[in-house]
Structure formats: C-alpha cells, structure tokens
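Got the sequence and the 3D view ready? Let's walk through this one together, piece by piece.

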Amino acid sequence: MKTFPELVTWLKESTAIGILPDEILKAIVSLLEKVSFQENEIIISENQSIEKVYILEEGQIQTQRNNGNYSLLSGSVINLKELLLQQPAKNTIKTITEAKFWYLSAVNVEKLVAQYPQINQAFTQKLAQEVADLSSQLSFEQERQTVLRPYLVTKAKRGIIGKSRYAVRLRQQVKNATEDCQPVVIFGEQGLEKDNLAALIHYSSPYRREPIIKVNCGKLQASGAELFGRAGGKLGLIEALGKGTLIFNNIQDLPPELNDDILQLLKNKTYTPVNRSENANNSVKTCQARLIFINEKAISTINNAATHLIKVPPLRVRKADLEDQANYYISLISRNQRVNKPKITPEALRRLQGYDFPNNLRELENLIERAIVQLSGCNELTEEIIWQSRNKKQQFRFNLLNAYPKLRSFLRSSWYPDRINYGFTLILFALVVGILFLAPQNRQENFALNLFWAWWWPLILISFPFVGRLWCSFCPFMIYGEVTQKISLWLFPRQLKSWPRQEAEKWGGWFLFTLFTLIILWEELWDLPNTAYLSAWLLLLITAGAMICSAIFERRFWCRYLCPIGGMNGMFAKLSMTELRAQQGTCSAECTTYQCYKGGVQKGEGLETLGCPLYSHPAQLQDNRDCVLCMTCLKACPHRSVTVNLRPPAIELWTTHQPRTSEVALLFLLLNAVFLHKLPEINFILRLGLDLTKFWIHSVFAIAVLIVPMILPFLGYVIIRLICQRKNMQFRGFTELAYGYLPLALCGNLAYYLHLGLGEAGRILPVTWATFGLNGSNLPILVAHPAVITFLQGITLLFGVIITIILSQKISRQSIKILFPQHFSTVSLGFLFWCVILSNFTN
C-alpha cells in the first residue's frame, strides 16, 4: 500500500493527471479509493454513462474497439476525458489478468473541477495539443499517401505454384525472408514475376499492414530526390514509407550517380536527403523500410551486402510444375472471361513441356489466354491451339510418329527389330559366312561376296544421310553378341560387369580407329573383295569381338565404344536427316522411372524393356553417334515423349555437337581410304613405277597413302589460324573444323563403291547360280553403262565438295575469305578423288 506522499509522487510521474499542480494532486489523493477486478471482467462497456474515473495501478487490461484490441499500461487514466466532456464511454474496458485500480467517483470529480478551475484549463490545453498533433499527423499522412500512391503495390497476385523441388525451395526462401527486415535480392530471367515474390515476402511478414511500393530504377532521378527527399522540402519515398517495403525493380538500370548512395542505404540503412546547397551539412537519416532488389542477373556488389539471395529458377527447369501452372492460368483466365473452365489434354501438355518458354510465366499466361480465346465453345485445350514458339532444338523438325501413326505402331511392335533379327538376320548371316568359306572365292561366282561388297557397302553409304545408324539395329555382329550374352547367363548365372566408362570414353575411339586401320590395310594388301574366305574371317573377327564383350559387360559395350563399323556408322550418322530424340520438358516433368534408359516393367502404354542397349537417354542426345534407332526408348516411354524427326541434315554439327579427336582421326582415315583403294591408279598417275606385287612395297605405299593426303586439310587449318591471329580474331579448333570434311569423306567412298553397286550388284542372279555350280548365263542382269557410272561418280564428288564447303561455313561461322584455305583444301581433295576414281574410264 502506497503512502500518501508516494501516491502523490506516483500520480505526478506515471499518470496523465501529473500535469496538475501538487495542491490539486493532493486533493485528488485524499479522495481516491481502491478497487480490484478479476480476470476477464468488464470494467465499463461502450456507451455506458460514466460513474467512476479509474487509474490502473497494476495488472493488464485492454480496450476493445471496432478496429482491434489495445492493451493499457499501469498509470492509464480511464474515462476522465469522457467525464469532463460529458460523454458516455467510447470503448469497452476489460481485464486480461487480475487488476487493481484507484478510482474517483463522478461526483467527487465534479466537486474537484468546481473547486479547481485549473483542472479544466489544463485538460483543455492538453486536448488542444492532441488536436494539433492529430492534425499534424493527418497532414503528414496525406502527404505520405500522395508521395507513395503512384508506387503502391496493393497485393500479391498469387502464391508459388507447383510441387517440384524448385517450388518447395522457393517457398522456403520466401518464408525465411519474411522472418526479418533484412535486405533481399531476387534475381532470375525475365517473365518470372519476381515482383510478385517481393509482394509475397511483404504480405507474409509481420509488417503486412505497412505500405509496399515498387520503383523502376530506370526512371529514378539521378539526384535521388524521389527516394531520399529534399532537406527542408519534399518528403522522400524512404521517409514516407516508414516500416514498409521498398522494391527496387531492375536495379541494373539504376543511374550510376546513385550507386554509392544505394550501397550506403543497403549496408548501413542510412541516407542523406538531397540539398540544393553543396556546402550544407545535411543530417543523416535512418531507413526503417525493408529493401528488396529485383534484377535479371546477379550483381556482386548488391549480393554481397544483402542478407537473403533468392534465385528464381526458369520455367524450363520446372517442367514438373507446368501442369499446375497451366491449370492455374486456365482457372484464372476462365473466371475473368466468364467462360467454362476447359481441360488441357495430355497431348497439349506434352507440347507445352517440350517448349523452353524464354519469357517464362508471362509467356505461359499469354499462351493459355490465346488458346482459351480460340476455343469457341469447346471444353478442351488441345495441342492444335497451343501456338508456342519453337526453340532452337525444335526448329525445322517434323515428327514422323505424329504424322504417321502406323509407323509408330510398327516401331513399337515385336517385329521391330527383334523378330526381324532373330527370324531372318541371324540365319542369313550364318548362311553368308558359310558360303564365303565353302563356295568359289571370287565375286563372279560367290553371291555372298557379291552381297557384301557390291550391295552392302554402297547401300549403307547411301543410307547414312537418310536413316543414320539404322543398320546397327539389324547388325548381325550384335545379334550374335546378344545370343551369347543370354546363353552365358543361362549357363553361368552372374552379374555382368558395368562399363568402364571413363577408360572407354578415353581410349575406345582410338581402339576402333586402330582396328579400322588394320581392317582396311588387310582389305588392300590381301585383296579381301576378291577373297571370300578372308572376308568371312573379317566378319567372324568382328562378331567375336561383339560376343566376347557381351559375355563380360552388360548391354552393348562393343557397339558403343569398340566396334569399327559402329564407329564409322556413328560418325556418318551425324549427316542424317532423321534423328531420335525425346522432349526434355516431358521427361523432366512426368518421368520418375527413366525406363527408357534403365529398363523396367510395363507402365501405362510403356512396354517392358531392358533399357537402352547403348545407355543413352533420348532426352540428352546431342548427336546421332550414340543412337542405333533400336526404338527401345519408344517402346518403354509411357508419356509419348520420344520423337523420330526429320531435320536439316547435319544440323547438329553446327549446333549441339561435341568434337572428338579420335573421331576426327577416323574421319581422315576414311577420307584417305578412297586413295588406298586406288593404289594402282595413283602409281600410274604419279609415274612411280612401284611393283605392287611385292608385299613390303605395297604395304609402305599403302600406309603412306593413308597419311599423306591429310597434309592438305592440316595445312589449310594452319593458314586459317595464322590469318586469325594476325587479325586478332577468334578461331575454332582443328577438331571442330575438321568435321566439315565429313560429306566429302562420305561422297568419296560412295563414288568409289558406285562402280561395284551399279556394275556388279545387278549380276546377283547369275552369280547365285554359279555359287552352287549351275549355269546362270541366261538369267537377267541389271547393270549401268560405264558412262552412266562415271557421270554419277562425278556428280557425287561434285556434290560432296559443295556440301563440304557449305558445312564448313556453318561450323566455322566465319567469312568465306577467312575459311578460303579450307575450301581450297576441299576442292583439291575433290579434284584428286576425281583423278583417281574416274581414271579407269579416262586413261
């Protein structure tokens, strides 16, 4: 219990009536009485007449108003103002805990007022001061609203849509940023609604009732007067904002004059108002607002000073959220346009998932809105009305599977390729090898030799620009390899070894290059085209390699890394006008099993498979080198992501291609092999007089011919490099530019084999009869006239030179003057091919 003097002192120091003189305070204390209220007890209700004036001594009470509840502190005087103004209670007062009060009855208050007129005077002055303060505050609020109104952000448009790991992480980052008022940097590509994320941070924070504004940094005055205000003049945005949120949009466009001021604001939360007088000493002010910086790219100076960094992922990596995003926009746009909400079809969704959305969410919203406008009463958004732009990987592509459903059905059937391989190719290969050993040993009397050299070589070379590496799907070498693998696992159940990928990537290309070199030397030195049993041994050796690797390693290790024929096929397949790929968006958004790659049981329309035999994922293919078109991925995919496209031939060589040194070596080996096949003609043209019947002379000459022609391309590159260095220009590496010679290598080999294909392949019927000792001289033959063959060989070489020049230009992306040495090398090689290939008919 307070003593009389203590109570007077307490009233003077802790209550609103402390403004009164000590004489009046003593008079009040003499009339004070004490009362207590329990928890949750109403002291006075709104609009109730005033009977007592209370002074809170201890405890917690609150006043209940229409716009919220407010706690009152010890020393609060209750009902005095209303009693003096003869008004009823304005608010309901309620205890939160047990509370103790001092009180004066209304009668005693009236007596005191009558006895001491100073009471009315004091409170009249206080009331006048409150009115003045309120008026000043109102004027400030009006000025504040005027300043802030053009920049206000009234609400957040939407939350973060989606369930992907990117969406979950983004939500967590936004949540973390709401827990304090520290600076935030939000950066990401255009169209990601980064300003909406800034609004989400504000409206999810404890300061959601404070204003939030957004300024476009490109439109700010270089003086900074809008932000910082003027000393003794116009209010600045920062001061007007108070504890709100300030968004700097496109911070990269900030006037350079403001860089230091913004960094000071960011680091120290201080700023200096603008003053017209340079000599004036301006007072430094403190910023209470939260600062959020938005930009498309990270800025190191801003990032280093910010507490929260939020990188917004682009839509192309959030394909798993695309369906939720699309459905949200469908609902939003349908409601705004007052139409029935349509449903998006799976085909339309796959088309969206196959697109990279360079303008992200903004582009998706516009695309959905345009599609809904086109609906015309339909209740489905189909792929026909999804008009997205095409990204670079999809440009000039035509999906054959969509255009020809029967082709899709055939490629997914058991006929392709398994029934063909195990019901036909397996048996035919064994028959061919047997005939090569047992039948006459020359091409005129052995149809197997005729098939191998006069049919297979020309046809496979012709097929590369059309179907790429398709031959590998029906390759007998790997069919026997798979048979060996299955039988060995049945006899000796075990776990096949995983691929030594690192070693294979490093040395596999050089292994097959070496093997191919030995094969073509063997072909030349031992005359394989006219020696059937040696051709059979060649086939068996390659088959043995496939069988041995299949017994040791899983899947088709031999095909991917070691097979010399596969290496050639993979290289020339880069020129193909067809490709197998998958829609990366659909794969990343919908696929969780990767059955096309790993294999698995049937799922939806996806069939049970063992996975890609070459361990290639169709969505990650950069070129045709590692795809044999076996269609395993097409059969396994339950989402219709796999496509078989028509495309511009060789487009990958100037877009997504990754050069390999071993592959370039193989390219020049095949290019120079054309000269190897024509050693007698070269010996005659150069008048060397070498006796090619002698093995060692023949061998040295053959090796020299495989090496010397490469001098021309290498010399051309050296000259290009010297020109670029002299002009301080960037230039591409030799291995990258060397792929420009690929069409010439293909056309040179094709021109050589045309005389076999057009001159001997048509004799297959009489040769078949002769194989079995019969007379087939009366059987029909179909061969071209030598002049026609010469003409076609010349056209093929000319076409190869022209395409090589065009492709070299596409790969180099340099002027034709800079690349002239390589073009000269191409023309020179083409001329040499012309001389040696056509010499049989011109000499």
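Predicted model: local features only at pLDDT ≥ 70, side-chain atom pairs only at ≥ 80, totals over all residues.

Let's start with the five-stranded sheet. This open sheet has its strands in the order β10-β11-β14-β9-β15, and the pairing is parallel. At the edges you'll find β10 (212–216) and β15 (308–311); each has a single partner strand, so one side of each has no neighbour in the sheet. Ignoring direction, neighbouring strands here are turned by 15° against each other on average. Now look at one pair of strands: β9 (residues 184–187) and β14 (residues 290–295) pair in the parallel sense over four bridges. In that pair, Val184 sits opposite Ile292 of β14.

Helices lie on this sheet too. Helix α6 (residues 165–178) packs on the sheet and touches β9, β14 and β15, with its direction at about 155° to that of β15. Then there's helix α7 (residues 194–203), which lies across β9, β10, β11 (245–249), β14 and β15 and runs at about 165° to β14.

Next, move to the three-stranded sheet. It is open as well, with the order β18-β20-β19 and antiparallel pairing. Its edges are β18 (398–399) and β19 (578–582), and each has a single partner strand, so one side of each is left without a neighbour in the sheet. Strand β19 is joined to β20 (residues 642–646) by five bridges, and the two run antiparallel. You can trace the partners yourself: Leu580 is bridged to Val644 in β20, while Glu579 is bridged to Asn645 in β20.

Which way do the side chains of a strand go? In a regular strand they alternate between the two faces of the sheet. You can see it in β19: Thr578, Leu580 and Ala582 point one way, Glu579 and Arg581 point the other way, and all are buried. In other words, β19 is mostly covered, with five of its five residues buried.

On to helices that pack against each other. Two packed helices are described by the angle between their axes and the distance between the axes. Take helix α17 (residues 415–438) and helix α19 (residues 476–491): their axes come within 10 Å and cross at roughly 110°. That makes α17 roughly perpendicular to α19. On the α17 side, the residues that meet α19 are Asn421, Tyr422, Thr425, Leu426, Phe429 and Ala430; on the α19 side they are Pro476, Phe477, Ile479, Tyr480, Glu482, Val483 and Lys486. What kinds of residues make up the contact of α17 with α19? They divide into nine nonpolar, two polar and two charged.

Now try another pair, helix α27 (residues 661–676) and helix α35 (residues 820–837). They pack at an angle of about 30°, and their axes are 9 Å apart. From α27 come Leu671, Val674 and Phe675, and from α35 come Leu829, Leu832, Phe833, Val836 and Ile837. This contact of α27 with α35 has eight nonpolar residues, no polar and no charged.

In soluble globular proteins, nonpolar side chains tend to be buried together. The largest nonpolar core here has 115 residues, and Trp457, Leu461 and Phe572 have the most contacts inside it. Helix α27 gives the most to this core, with twelve residues. If you leave aside its neighbours within four places in sequence, Leu461 is in contact with Phe572, Leu746, Asn749, Leu750 and Tyr753. A second, separate core has 39 residues, including Trp10, Leu20, Ile119 and Ala122.

Most residues other than glycine have a negative phi, and most peptide bonds are trans. Now find Tyr416 and Pro417: a cis peptide bond joins them, with omega at about -15°. Pro417 lies in helix α17. Tyr615 isn't a glycine, yet it has a positive phi of about 55°, and it sits in the loop between α25 (595–598) and α26 (632–636). Arg813 has a positive phi as well, near 55°, and its place is in the loop between α34 (786–812) and α35.

Are these two buried or exposed? Buried means under 20% relative accessible area and exposed means over 50%. So Tyr615, at 16%, counts as buried, whereas Arg813, at 52%, counts as exposed.

Methods
Residues numbered from 1 in each chain as written. Heavy atoms only, no water. Axes fitted to C-alpha atoms, helices over the stretch in contact; angles between N-to-C directions. Contact = heavy atoms within 4.5 Å. Nonpolar A, V, L, I, M, F, W, Y, C, P; charged D, E, K, R; others polar. Pairing = 2+ DSSP bridges. Buried < 20%, exposed > 50% of the residue type's maximum accessible area, 1.4 Å probe, protein only. Core = buried A, V, L, I, M, F, W, Y, C linked by side-chain atoms within 4.5 Å. Parallel < 35°, antiparallel > 145°, perpendicular 65-115°, else oblique.
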